[in-house]
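Subject: Structure handover

Hello,

Here is the structure we spoke about, with the sequence. My notes on it follow below.

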Amino acid sequence: MTATILIADDDAVQRRLVENMVRRSGYDAVVVESGDAAVAALTASDGPAIDALVLDLVMPGLDGMGVLAKIREAGLGVPVVVQTAHGGIDNVVSAMRAGAQDFVVKPVGIERLQVCLRNALNTSALKSELRRVRHSREGRLTFADIITRSEAMANVMATAKKAAGSSIPVLIEGESGVGKELFARAIHGTGERSAKPFVAVNCGAIPDNLVESILFGHEKGSFTGATERHTGKFVEASGGTLFLDEVSELPLTAQVKLLRALQEGAVEAVGGRKPVKVDVRIISATNRRLLDRVKEGAFREDLFYRLHVLPLTVPPLRMRRDDIPSLLRHFLTRFCAEENRTIDGISGEAMAGLSQLNWPGNIRQLENAVYRAVVMSEGEQLGVSDFPLIGAQPATDAASGEPLIMEPVLQRPSPDMVSGNEIPIAPLPDAGALTMLTDDGEMRPLEELEAEIIRFAISHYRGQMSEVARRLKIGRSTLYRKLDDIATAEER
């Protein structure tokens, strides 16, 4: 999914210029004209997710420094590129201390802005990955650590967030590899029990004769091999959350004792003489439909209704393909850091192929595919040959997609990109008939867009040609020449 850049500037002409540069760099743009509007866009729950902010420092009302302070207070991790007409070292130092990622001096060229945004997005991705690793080790993952922008996940996320505010039992269903445990950890890490233990048990990996001992504990000498006392997972998780993964695989004998423990809030160890009170929040997960297991007679119906109080179904990756680019960036950042590799990104053809795969192993399979590609690749960009799964799928009509770029690579401007030394609305004299994709999906000549912006600037500054030329970063003689060219073109 294309990154979304928020642009905050009180100058209408500068907003239009930066918006054009952002869109021509391959990003979506959201434009606001004040600091208060920028904060509202960043904190809106129903608005688009903002990946980076281009922020003017000098604005009436809430200025750029005030916006940076609000971002810090709200705990937002969005990277910020500040722009100012005053390039003094004091302004730069103050902005960077306040949390800005980078800065540019007005008027900025397109190449400089491209590098700033690409660096900001890559640094943000790396910081997010480091935060996830730290939170995972500390057992305090939250919903901010779940990588998703797909509409198919919106209802699941909303329901899970509501569940986090209580101790209601949650049953998470979904195919293997969709991230059921991640949701369980996020529910725990967001709720009131986040400071208490999160204990995960894979019920399908426990031998039938040891299930009761592992879940409820045992006394020393209660059976052959019980050389010491064991408290059990319920007691370990007391005050926190017990996550029963693959709960559908529990043997029927253990299900009886689990039901009794849930009903009475107490567990009795194997060989124990009296029950022990426990305060445990239960989150269970299964890659099967638990109701089908009940109909088959493999799962107790009364226990099913104890666990199936608030059901969540996490959709497979093939139903949330919008998340694939974000997940690819996430895994590529992580594995490049772990393997000490420098990889610039993934080619457009490979991105198209990866987006079309069905991914039966879901996110876990995607993660392993990226890991293998990073280890085995010999180039600086991952291509189709680095992902054998793409070659194994039937050929499709889509030959290429949008490439995933990880590092800033300064290259010679392509035919559809204006040099960074020129203003973004003025094509090079020998560039030929350049076009640009507008908001409504229409391809329009750059000369036409240039004329529109010049007219807008002249109207906005009430015909003050010196101010218009200064704002557009061109000389007055160049401005008048362009006006003559516009008039000549309109007479044709």
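The axes are lines fitted to C-alpha atoms, for helices over the stretch in contact, and the angles run from 0 to 180 degrees between N-to-C directions. Helices (H or I, at least four residues) and strands (E, at least two) are DSSP runs, numbered from the N terminus.

This is a predicted model, in which local features need pLDDT of at least 70 and side-chain atom pairs count only at pLDDT 80 or more, while totals for chains, interfaces and linings use all residues. Residues are numbered from 1 along each chain as its sequence is written, and side-chain values use heavy atoms, with hydrogens and water left out.

Helix 13 and its partners

Helix 13 (residues 324-339) and helix 15 (residues 362-376) have axes that come within 9 Å and cross at roughly 45°. The two helices are therefore oblique to each other.

Contact means heavy atoms within 4.5 Å; Ala, Val, Leu, Ile, Met, Phe, Trp, Tyr, Cys and Pro count as nonpolar, Asp, Glu, Lys and Arg as charged, and the others, Gly among them, as polar. Ring pairs also link Phe331, Phe335 and Tyr371 into a cluster.

Helix 13 packs against helix 14 as well, at an angle of about 115° and with the axes 10 Å apart. This crossing is right-handed. Ile324, Pro325 and Leu328 in helix 13 meet Met351, Leu354 and Ser355 in helix 14. The residues here divide into five nonpolar, one polar and no charged.

Ala369 is in helix 15 and, at 13% relative accessibility, counts as buried (under 20% relative accessible area; exposed is over 50% and partly exposed in between, with a 1.4 Å probe and protein chains only). Leaving out residues up to four places away in sequence, Ala369 touches Trp359, Phe387 and Leu389. From Ala369 to Phe331 the C-alpha to C-alpha distance is 9.6 Å, and the two are 38 residues apart in sequence.

Trp359 is in the loop between helix 14 (348-356) and helix 15. The residue is buried, with a relative accessible area of 1%. Its phi is near 50°, a positive value in a residue other than glycine.

Other backbone points

Most residues other than glycine have a negative phi, and most peptide bonds are trans. Glu246 also has a positive phi, near 50°. Glu246 lies in the loop between strand 8 (241-245) and helix 10 (252-264) and counts as buried at 14% relative accessibility. The bond between Lys106 and Pro107 is a cis peptide, with omega about -15°. Pro107 lies in the loop between strand 5 (102-105) and helix 5 (110-138).

Within helix 3 (residues 64-74), the buried residues are Gly64, Gly66, Val67, Leu68 and Ile71.

Aromatic pairs

The structure holds five aromatic pairs. Rings of Phe, Tyr and Trp (its six-membered ring) pair if their centres lie within 6.5 Å; planes under 30 degrees apart count as stacked, over 60 as edge-to-face and the rest as tilted. Phe216 and Phe234 are stacked, 5.5 Å centre to centre with 25° between the planes. This pair links distant parts of the chain, with Phe216 in helix 8 (residues 211-216) and Phe234 in helix 9 (residues 233-236), 18 residues apart. Both Phe216 and Phe234 are buried. Phe304 and Tyr305 have ring centres 5.1 Å apart and planes at 75°, so this pair is edge-to-face. Phe304 counts as buried, at 4% relative accessibility.

Helix 7

In helix 7 (residues 180-190), the buried residues are Lys180, Phe183, Ala184, Ala186, Ile187, His188 and Gly189. Their cover includes helix 6 (154-164), strand 6 (170-173), strand 7 (198-202), strand 8, strand 11 (281-286) and strand 12 (310-313).

Regards

Note on methods:
Angles under 35 degrees count as roughly parallel, over 145 as roughly antiparallel, 65 to 115 as roughly perpendicular and the rest as oblique. A crossing is left-handed if the near helix is turned anticlockwise from the far one by less than a right angle, and right-handed if clockwise.
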